[in-house]
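Reader: I'd like to go through the labels on this one with you. Can we set each value against its cut-off?

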Amino acid sequence: MTSSAFHRTIVLPASVCQQAAHHLEQAVHKAIDGAATPWRAFRGADGDDFAFSVPVVEQAAGCLLVLAAESAQSLRPSALRALISVALHLRDAAEAVRRPAVPSPAW
């Protein structure tokens, strides 16, 4: 089985999904490339299904980091921290899934 045949998913907390959807909507309004696809995915998540493919989570994280960079001068520091926090949470979740398991040394 190849890795392309197996699509990994990430289950995220509801609060992170709601925050991501909110920030991604702002990214869509600012016409940040690639923001529409993850926004639709996060917006469409319901109360029981907060599972997303790894590429969608990575794309969302990247778009939110671009939004943070473009909005840094106009956002309050607390709002910027919240935006960056969501972006880093998404990025870390995707990296955790992609990171290969470290084999334990043979003793």
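Reader: What makes the charged end of Arg43 sit over the ring of Trp39?

Author: The rule wants NZ of Lys or CZ of Arg within 6 Å of the ring centre and within 35 degrees of the ring normal. The charged end of Arg43 is 4.2 Å from the centre of the Trp39 ring, and it counts as sitting over that ring. Mind you, this is a predicted model: local features need pLDDT of at least 70, side-chain atom pairs count only at 80 or more, and totals for chains, interfaces and linings use all residues. Residues are numbered from 1 along each chain as its sequence is written, and side-chain values use heavy atoms, with hydrogens and water left out.

Reader: Why is the pair of Phe42 and Phe52 called stacked?

Author: Rings of Phe, Tyr and Trp (its six-membered ring) pair if their centres lie within 6.5 Å; planes under 30 degrees apart are stacked, over 60 edge-to-face, the rest tilted. That gives 1 aromatic pair. The Phe42 and Phe52 centres are 4.2 Å apart with planes at 15°, so the pair is stacked.

Reader: How do you know that the buried residues of helix 2 line one face?

Author: Buried means under 20% relative accessible area (exposed is over 50%, partly exposed in between; 1.4 Å probe, protein chains only). In helix 2, that covers Pro38, Trp39 and Phe42. Down the axis, they fall within an arc of 105°, so they line one face; the arc is taken from the directions from the helix axis to the C-beta atoms.

Technical notes:
Helices (H or I, at least four residues) and strands (E, at least two) are DSSP runs, numbered from the N terminus.
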